[in-house]
Amino acid sequence: MDVIIGIDLGTTNSEVGVIRSGVPIVLTDDGDPILPSVVGLDPQGKLLVGRAARNQYVLSPERTIRSIKRKMGQDLTVDLGDQKYRPQEISAIILRALKERAERVLGHEVRKAVITVPAFFNEGQREATREAGELAGLEVVRIINEPTAAILTYDPNPPEMERLLVYDLGGGTFDVSIAMVESGVIEILSSHGDTNLGGDDFDQRLLDFVCDRFQTEHGIDLRESSRARSRLLAAVEDAKKRLSSEPVATISEEFIAEMNGSPLHLTQDVMREDYEGLIEPLLAKTLRCVDDALSDANLRALQIDKVVLVGGATRTPLIHRMLEDRLGRPVHSEIEPDLAVAMGAAVQGALIAGVDVGPVLVDITPHTLGIEVMSYPGGFPNPYQFSPIIERNTPLPVTKTDIYTTAHDAQKVAEIRVFQGEEDDTRLNTLVGEFLIEGLAPVPAPNSLLVRLDLDLNGILKVTATERVTGLAKHVVIDNMMERFRNRERVNAIDRINALFDDVDHAPAYDASPAPRAIEADDDSQSDDDGTENELLDAIEAARSLIAKSEELVAAAAGEDAAEMKGLVQDLQAAITRSSVDDIRRVSAALDDLVYYLSDV
Ligand code: AMP
């Protein structure tokens, strides 16, 4: 059976997961589960992907591309060396690096993947993601929404029906989804979000704050030098992360500028309150999305049972406070916020491959889809009337048909313009595709046309228009917004990506002959690869039965013991997620002692 990997293709970081012994794990490279979503060329023109590319960004921003996800689905190119690339080609390079990582770890070729996208990605952005997968040599068997993937890592059989609110804030995008989980079925009730809001924006605000202070002091705008800017961007991101656990962070960059021939250094303290003041307006926007998601799901805040945080930026303490204030309950960050999406994608991959890993998923479309029609308010013609066909929050897959009529006698052609959005006026919505149906019968108006929208499980749309009297039909799959490569360009794109990878001195993607290599954990054991893999699987199995035992005991345990037990269970789950044999064993030993002691009292 083909393994289907799960990929979280993030703005800042990406990860790849797979199911092993029924458990989702994230595959690591040298113990590191995260691949920074950064692509670059070194001074010799060789390809760099991940940490190496991110490290050179500070010195060579002109040879480095980051946050490409923010450009997915747009008709533009970015420069890398002397070549121009479309966003999906750069994403393909990241996906190819993840595919190769998976092949190295699993020891065999990987051909299929589930890739996650923000719930609020539109049709063009989804198609661009699918194409990136294809350019990377992957068959994209499903595209799923990131918050939905995170929910797939949860127990699909809670003792009672649970309503979850997933707040997912990554480097570049924000999503909130509300789901109902009961008897093995996860049903998404609503989704809202902003595909241009994330931790990168926090960095930008902090950068402006620091640069403004420097400018006031020295009269120099550091943002004007791309080198200084990229150095500072790395420094403020680091400071931002420290501010999640410390009240003040010092930013110190030597020789950042020059004045009258003398070097200038930058040393600034940033207080957490100042930083929080900068990002508060952005977080207020996310809370408005939370309100909208609640209202679409017809729920009040107090009806939510669990608030789940996903995405690296949710480590920001202000987010916890604002959400707790708004929702009136503690937030839940039990799952690893950085890894949950890749693990959920792996669960979805296993479900598609026919592995019984539990949940059944019912996802929705977060946007309304429909076409542009003519209306006559007050007798005046309005050519921009939006006529919804599939309402937002409808479960997928869905097929809906509506009847429309021609406006003129013997009208030969009708233009079908498909929009997504919530406004009555199409000019305020997003055009996702358009086509003509030509050769209509020369009959008097009104001549009926059936317009059918098929939205599949990937959120990808097919539109069909059929003339009722003749059966004349025309359809499009919505992909023209993203300027799909014509075949020839596509082959060229694949060749260019292959050439970049061929030039890199890296380990072969996988070795077809020997036994499968180990799942790379941060283990340093000398045992052979097979042994290491089996050790990991054994350790995970033992740990899971220990967790089950602890859960039986925890209810009866006294306050302090119960708290200690919950803490150890969380640590153990995190160690399983990281596939770290050493950590699993260490935490299991401590938990085992406690279980032994509590079983005895
Ligand atoms: P993700 O796309 O989920 O990998 O999230 C990446 C974003 O999370 C980036 O903007 C990071 O700077 C941010 N991030 C990671 N760790 C922290 C932290 N400890 N505090 C605040 N933001 C963080």
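Student: Why is A410 called partly exposed?

Tutor: In this predicted model, A410 has a relative accessible area of 39%. Buried would require a value under 20%, and exposed a value over 50%. The value of 39% lies in between, and therefore A410 is partly exposed. A410 is found in the loop between β21 and β22 (413-420).

Student: What makes the phi of A410 worth noting?

Tutor: The phi of A410 is positive, about 55°, although A410 is not a glycine. Most residues other than glycine have a negative phi.

Student: Which value of phi does N393 have, and where is the place of N393?

Tutor: Phi of N393 is near 70°, again a positive value in a residue other than glycine. N393 belongs to the loop between β20 and β21.

Student: How do you know whether N393 is buried or exposed?

Tutor: The relative accessibility of N393 is 14%. The cut-off for buried is under 20%, so N393 counts as buried.

Student: Which form does the peptide bond from L396 to P397 take?

Tutor: That bond, from L396 to P397, is cis, with omega near -5°. P397 is placed in the loop between β20 and β21. A cis peptide bond also joins A445 and P446, where omega is about -5°. P446 is found in the loop between β23 (430-438) and β24 (448-455). Most peptide bonds are trans.

Student: Why is D212 called partly exposed?

Tutor: D212 has a relative accessible area of 38%. D212 is found in helix α5 (residues 199-218).

Student: How do you know that domain 1 and domain 4 are in contact?

Tutor: In this pair, 8 residues of domain 1 are in contact with 7 residues of domain 4. The area buried between domain 1 and domain 4 is about 590 Å², of which carbon and sulfur atoms give 72%. Strand β3 (residues 23-26) gives the most to the side of domain 1 that touches domain 4, with 3 residues. By class, that side of domain 1 has 5 nonpolar, 2 polar and 1 charged residues.

Student: How many salt bridges are counted between domain 1 and domain 4?

Tutor: The count between domain 1 and domain 4 is 0 salt bridges.

Terms used
Residues numbered from 1 in each chain as written. Predicted model: local features only at pLDDT ≥ 70, side-chain atom pairs only at ≥ 80, totals over all residues. Heavy atoms only, no water. Helix = DSSP H or I, 4+ residues; strand = E, 2+ residues; numbered from the N terminus. Buried < 20%, exposed > 50% of the residue type's maximum accessible area, 1.4 Å probe, protein only. Contact = heavy atoms within 4.5 Å. Buried area = accessible area lost by both parts, 1.4 Å probe. Salt bridge = Lys/Arg side-chain N within 4 Å of Asp/Glu carboxyl O. Nonpolar A, V, L, I, M, F, W, Y, C, P; charged D, E, K, R; others polar.
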